[in-house]
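Here is a brief report on one helix pair and its surroundings. Please look over the model before reading on.

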Amino acid sequence: KKLNIALCGLGNYASMLAEGIQVSEYCQLAGIVTGTPAKAEKWKTKYNIPENNIYNYENFDEIIKNKDIDLVYVVTPNGLHKEFTIRAAKAGKHVITEKPMAISVKDCEEMIKACNDNNVQLAIGYRLHYEPTHLEIKRLGQEKVFGQVRYIEASLGYKIHDPLDTKSTVNFNDRHEWRLNKKLSGGGPLMDLGVYCIQVSRYVLGEEPIAVTAQFGTVHNKQIFTETEESISWQMEFPSGAAANCNTTVSYNIDRFYASADEGSFELSPALSYGPFKGKTSEKELKFPVINQQQTQMDEICKFLLENKKLPNHITGEEGLKDIKVINAIYKAAKTGKKVSLK
Ligand code: NAD
């Protein structure tokens with residue numbers, strides 16, 4: 001049997017997930033949840049979705065009666081992850097929700113509780129946890145292959161489309177406008193992209209940050225960055241004494257990772273985007289096969305669910321919550337100009 005997935009929110013990333021699910025061994029796209037009737041028609045034809053497995057945001061709770069759906073994958077704007085995760089959990093469905101898990105610590109805690117109360121499992125869409133180059137840098141760091149890592153640099157950014165640019169030919173789906181709306185996004189690039197820099201620092205070191213300092217970058221486009229930051233830099237201190245220096249932006253393109261350890265170093269660029277990743281250590285090039293990240297993530301998660309096994313800790317809601325706590329501390333540090341403790 002394959003696990004039956006319903007995708008909720010049919011935007012850009014849902015389309016990438018659908019392609020991954022199409023070629024996966026352990027799951028299949030069985031349903032959709034969308035607020036746009038035209039998208040429902042398009043997806044129904046493209047992926048051969050039965051009419052009974054198509055929901056909108058109003059009738060979504062009826063999914064409780066649908067034995068054809070095992071898991072709901074929430075791919076909506078961040079501010080809506082909580083609502084759809086809780087509604088799916090109450091309908092008795094396992095849930096994967098996209099990163100960042102939610103826009104507040106309280107929301108994450110409510111999501112975890114709803115999944116526990118309804119005996120369903122919750123995973124976060126951390127695709128890099130299954131990517132071979134990332135598994136290798138995690139091993140290099142955690143197994144101290146080059147000794148203790150002392151310093152990390154991680155940056156991820158891209159230039160966002162300006163919705164006020166009337167000459168733009170960018171199509172509606174690529175406009176990312178909800179990303180500029182704090183209620184829907186929870187924040188700017190720190191929420192969207194910075195979470196990857198936090199993640200990679202945490203899994204390369206195998207440690208949790210104990211304190212952060214942070215600085216907002218210059219706002220170049222005051223008309224569109226009224227609610228969310230354009231850029232932010234931050235520093236994390238870890239119990240071993242290691243430090244991470246990170247940057248994220250929607251003002252320019254950047255995608256880098258670097259780790260300096262006592263007896264060597266390792267680095268990637270591109271590092272945190274969709275890849276393919278390119279990297280080296282102080283000794284040799286890092287060469288790993290290019291994989292379908294969405295397919296691999298889905299297969300690895302669904303294998304566990306099909307066997308009724310508990311999901312590994314590194315992708316659960318508790319892991320997503322840890323990142324939101326760090327994000328909160330970074331915003332607090334940037335706003336106050338003071339070091340914020342996470343102990
Ligand atoms: P998108 O704008 O392309 O898609 C969002 C979808 O949500 C659209 O179909 C839209 O119609 C729907 N939606 C429902 N209610 C909405 C509302 N009130 N306002 C706006 N849209 C609404 O965005 P995306 O890039 O697909 O991002 C969706 C989620 O996936 C986000 O949480 C994002 O962080 C995450 N994401 C993850 C990855 C990854 O690599 N894991 C990559 C991209 C995005």
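## A helix pair

In this predicted model, α4 and α9 run roughly antiparallel to each other, because their angle of about 170 degrees is over 145. Their axes lie 9 Å apart.

Both helices supply residues to the contact. From α4 come Val105, Cys108, Glu109, Met111, Ile112 and Cys115. From α9 come Gly317, Glu318, Gly320, Leu321, Ile324, Lys325 and Asn328. By class, the contact has 7 nonpolar, 3 polar and 3 charged residues. An α-helix has 3.6 residues a turn, so residues three or four places apart point the same way.

| Element | Residues |
|---|---|
| α4 | residues 105-117 |
| α9 | residues 317-336 |
| β6 | residues 122-124 |
| α7 | residues 189-205 |
| β8 | residues 211-216 |
| β9 | residues 231-237 |
| β15 | residues 340-341 |

How far does α9 reach from its first C-alpha to its last? The span is 29 Å over 20 residues, close to the 28 Å expected at 1.5 Å a residue. Its buried residues include Gly317, Gly320 and Ile324. Glu319 and Asp323 are also buried. So are Ala333 and Ala334, among others. The cover over these buried residues includes α4. After α9 comes Gly337, with a positive phi near 75 degrees.

UniProt, in an unreviewed entry, places the feature "domain: Gfo/Idh/MocA-like oxidoreductase N-terminal" at residues 3-126. Over that range the chain is 36% helix and 21% strand. The end C-alpha atoms of the range are 19 Å apart.

Definitions and conventions. Residues numbered from 1 in each chain as written. Predicted model: local features only at pLDDT ≥ 70, side-chain atom pairs only at ≥ 80, totals over all residues. Axes fitted to C-alpha atoms, helices over the stretch in contact; angles between N-to-C directions. Helix = DSSP H or I, 4+ residues; strand = E, 2+ residues; numbered from the N terminus. Parallel < 35°, antiparallel > 145°, perpendicular 65-115°, else oblique. Contact = placed C-beta atoms within 7 Å. Nonpolar A, V, L, I, M, F, W, Y, C, P; charged D, E, K, R; others polar. UniProt positions renumbered as here; feature names shortened; annotations may be inferred. Expected span 1.5 Å × (residues − 1). Buried ≥ 20, exposed ≤ 12 C-beta atoms within 10 Å, placed from the backbone.
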